[in-house]
Amino acid sequence: MSSLLSRLSQYQTQGLTKRPVASGRLVRVVGLTLEAVGCSAPVGSLCRVETQHGEMEAEVVGFANDTLYLMPSDNLSGVMPGAKVTPINEEHGLPVGPELLGRVIDGVGKPLDGLGPIFTAEQASFNGRSINPLSRKPIKEPLDVGIKAVNGMLTVGKGQRIGLFAGSGVGKSVTLGMMTRGTTAQVVVVGLIGERGREVKEFIDEILGEEGRARSVVVAAPADASPLMRLKGCQTTLTIAEYFRDQGLDVLLLMDSLTRFAQAQREIALSVGEPPATKGYPPSVFARLPALVERAGNGSENQGSITAFFTVLTEGDDLQDPIADASRAILDGHIVLSREMADAGHYPAIDVERSVSRVMPAIVDDEHMLMAKASRQILSICRKNQDLVSIGAYKPGTDPAIDQAFAFKPRLDQYLQQGMKDVVNFQMCVNMLRSTLQG
Ligand SMILES: Nc1ncnc2c1ncn2[C@@H]1O[C@H](COP(=O)(O)OP(=O)(O)OP(=O)(O)O)[C@@H](O)[C@H]1O
Ligand SMILES: [Mg+2]
């Protein structure tokens with residue numbers, strides 16, 4: 001295992017005083033957790049554990065009486081009973097700086113792209129700093145994401161946090177990729193958490209492309225990474241986004257997926273003995289979700305913004321999943337991708353009717369809002385009456401609103417579709433929506 005310690009020690013903060021620490025020993029392994037006695041270290045700190053193959057690092061994730069619960073960032077092979085456990089009495093942070101742009105890193109900031117080590121002048125804490133809610137700038141300006149359905153009908157504001165709710169294979173990755181290429185944000189930070197390893201490469205090579213990659217930082221902690229690595233991967237993604245925001249830049253953060261973050265936290269919490277509550281998720285999961293999501297958003301007056309898209313998996317397309325439910329409540333809007341639309345070849349499969357951007361009324365002009373509303377009405381009338389029309393039970397001329405809605409529907413459907421390589425800027429989206437509705 002490549003040593004987390006040696007990676008981190010490259011970046012150690014200068015001038016920290018090191019106190020000698022007592023070593024302990026391993027007494028038990030349960031699932032993914034190591035239990036050590038005889039040493040003491042704070043939650044969140046690292047310990048060095050001796051194994052048959054050398055040393056590995058593990059993070060303190062909890063304690064009970066004199067026992068420390070540790071979780072390694074890699075697999076447990078080679079761990080022996082009674083192995084020596086030494087707390088690492090040094091602070092460490094995540095290296096942050098413009099050097100990260102164009103790079104692909106793992107959950108703790110180690111490069112994965114073979115382009116050499118990353119040296120940065122600064123480090124930041126994985127946990128971020130909380131911002132006084134009163135000093136956050138309000139969301140006032142739209143952020144261009146280059147997708148007609150979003151810019152036109154579900155306008156996203158700089159500093160907004162949106163959930164992208166979808167089942168598997170309905171176009172989450174493609175939609176996020178379209179945004180990285182189409183957005184006017186200066187920096188894009190992508191967290192690929194708990195996805196298949198193959199998908200990571202595909203996302204970087206095919207979906208992101210050269211042009212998207214130059215202003216992006218990709219953090220990858222795929223499904224085979226340890227739960228701690230996946231959890232850290234999410235924190236790393238947020239930490240990097242915060243760094244660029246604090247430089248005054250507008251950042252687009254794309255996290256695929258928030259559900260995998262919740263699952264990683266579930267694995268860790270269950271293995272340290274927290275009782276499961278809703279659908280096997282222990283209560284700490286529902287406490288950590290808002291703590292993560294709240295790190296995105298606007299900074300104070302002289303800082304930039306983090307506009308964030310968190311994908312949320314709705315297994316079996318069930319929007320009532322506890323993570324989907326909890327996420328909807330803490331996000332400022334949600335975009336639902338519909339399997340039915342994807343099956344019909346309507347891409348991006350954004351179900352406008354079931355999606356909402358809570359900040360849209362505050363950031364677009366009255367005409368734009370009116371057009372979005374009218375379009376929603378058309379979609380809603382058509383959906384409600386589709387069955388009647390299909391079986392011929394509706395006679396044209398009976399209700400002018402229905403006639404008009406069906407007349408506009410094909411044009412609106414055309415407006416809402418977009419090829420995966422196409423980028424349409426914000427003003428163009430508004431103009432196209434206007435001409436669609438002027439018929
Ligand atoms: N805008 C688009 N235009 C054309 N095809 C699209 C578009 N968006 C998605 N697709 C099609 O949908 C397929 C699945 O998309 P994608 O890989 O983004 O889904 P996903 O939700 O990320 O899947 P998974 O859950 O497996 O990660 C793509 O391979 C592509 O064929
Ligand atoms: Mg995907």
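**Helix packing.** I began with helix 5 (residues 227-246) and helix 6, which pack at an angle of about 135° with their axes 8 Å apart; I took helices (H or I, at least four residues) and strands (E, at least two) as DSSP runs numbered from the N terminus. The axes are lines fitted to C-alpha atoms, for helices over the stretch in contact, and the angles run from 0 to 180 degrees between N-to-C directions. That angle makes helix 5 oblique to helix 6, since angles under 35 degrees count as roughly parallel, over 145 as roughly antiparallel, 65 to 115 as roughly perpendicular and the rest as oblique. I noted the crossing of helix 5 and helix 6 as left-handed, the term for a near helix turned anticlockwise from the far one by less than a right angle, with right-handed used if clockwise.

I then looked up helix 7 (residues 283-293) and helix 8 (residues 322-330), which pack at about 40° with their axes 10 Å apart. Helix 7 and helix 8 are therefore oblique to each other, and their crossing is right-handed.

**Basis of the model.** I kept in mind that this is a predicted model, in which local features need pLDDT of at least 70 and side-chain atom pairs count only at pLDDT 80 or more, while totals for chains, interfaces and linings use all residues. Residues are numbered from 1 along each chain as its sequence is written, chains are lettered from A and ligands numbered from 1 in the order in which they are written, and side-chain values use heavy atoms, with hydrogens and water left out.

**Ligand 1.** I found 14 residues around ligand 1, of which G169, K172, S173, V174 and R196 come nearest; a residue is near if one of its heavy atoms lies within 4 Å of the molecule. Helix 3 (residues 172-182) gives the most to this shell, with four residues.

For polar contacts (pairs of N or O atoms within 3.5 Å), I recorded a polar side-chain atom of R196 at 2.6 Å from an oxygen atom of ligand 1. An N or O atom in the side chain of S173 is 2.7 Å from a ligand oxygen, and a polar backbone atom of V170 is 3.3 Å from one. Taken alone, ligand 1 exposes 630 Å², of which the protein buries 74% (Shrake-Rupley method, 1.4 Å probe).

**Backbone.** A cis peptide bond joins D256 and S257, with omega about 10°, and S257 sits in the loop between strand 13 (250-256) and helix 6 (258-271). The bond from Y347 to P348 is cis, with omega near -10°, and P348 lies in the loop between helix 9 (339-343) and strand 17 (356-357).

Terms used:
Polar contact = N/O pair within 3.5 Å; in protein donor to acceptor, adjacent residues only side chain to side chain.
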